[in-house]
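Let's take a walk through a protein chain and look at how some of its side chains pair up. Keep the picture open while you read.

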Amino acid sequence: ARRAARHRERRAAIAGLLVLVLASVALSMSADGILPLHWTATLGLCVLSLIVAIQRRERCTVARRRLGHAVQFWEQALARSEDRWSEATQDDGAAYSDPDHPYANDLDLFGPHSLFSRINTTQTTLGRDALARLLTGPGETHDTAARQEAVRDIAAAADMRETLHVELQEF
């Protein structure tokens with residue numbers, strides 16, 4: 001799929017170059033009177049053609065990039081399922097390590113091979129901060145059953161998680 005996306009992007013780029021060359025030739029022929037169109041009309045058609053070619057190339061580029069983000073999402077999920085944690089996460093939370101925390105060091109909450117590195121799938125600083133607070137903060141009173149139901153809903157929504165990952169990578 002990645003190869004096909006790169007191929008479509010290359011074809012769109014080549015088509016754009018071809019449109020540019022043909023536009024230059026058409027404009028030259030029009031200015032010399034070889035084409036029966038006035039040069040301003042030819043220029044307008046050339047500019048319109050170039051705009052269409054550039055937009056098509058941009059759509060192909062965005063589609064290829066989004067496909068790459070989706071593949072990355074699934075590769076990380078596969079790495080996690082195969083116990084290749086170091087490949088699945090880029091942040092082990094070492095920045096959140098606090099030597100004075102009553103239990104963070106004993107439980108290896110942060111750093112290499114830590115709980116944080118195993119469960120961190122966040123894409124933003126705010127998300128990482130929230131996960132660190134959840135692991136080290138005081139226990140909040142909440143409806144455990146409701147939270148478990150929310151986790152089950154999110155776990156079942158793989159397409160939604162992939163889409164969210166792609167959107168956040170694009171952002």
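A residue counts as buried when its relative accessible area is under 20%, as exposed when it is over 50%, and as partly exposed in between. Keep in mind that this is a predicted model. With that cut-off, both Phe110 and Phe116 are buried; for Phe116 the relative accessible area is 0%.

Now look at the rings. The whole structure holds four aromatic pairs. In one of them, Tyr96 and Phe116 sit 5.7 Å apart, centre to centre, with 45 degrees between their planes, a tilted pair. Tyr96 is in the loop between α3 and α4 while Phe116 is in helix α4, so this pair ties together parts that are 20 residues apart in sequence. Tyr96 is partly exposed, at 24% relative accessibility. Phe110 and Phe116 make a tilted pair too, with ring centres 5.5 Å apart and planes at 50 degrees.

What about charges? Side chains of opposite charge can pair when their charged atoms come close. Here there are six salt bridges. One of them joins Glu9 and Arg64 at 2.3 Å, N to O. That bridge links helix α1 to helix α2, with its partners 55 residues apart. Glu9 is buried at 9%, whereas Arg64 is partly exposed at 29%. Glu9 and Arg64 also belong to a network with Arg57, joined by salt bridges that share partners.

Another bridge, 2.9 Å from N to O, brings Glu170 and Arg65 together. Glu170 is in helix α7 and Arg65 in helix α2, so parts 105 residues apart in sequence are tied together.

How values were computed:
Residues numbered from 1 in each chain as written. Predicted model: local features only at pLDDT ≥ 70, side-chain atom pairs only at ≥ 80, totals over all residues. Heavy atoms only, no water. Phe/Tyr/Trp six-rings, centres within 6.5 Å; stacked < 30°, edge-to-face > 60°. Helix = DSSP H or I, 4+ residues; strand = E, 2+ residues; numbered from the N terminus. Buried < 20%, exposed > 50% of the residue type's maximum accessible area, 1.4 Å probe, protein only. Salt bridge = Lys/Arg side-chain N within 4 Å of Asp/Glu carboxyl O.
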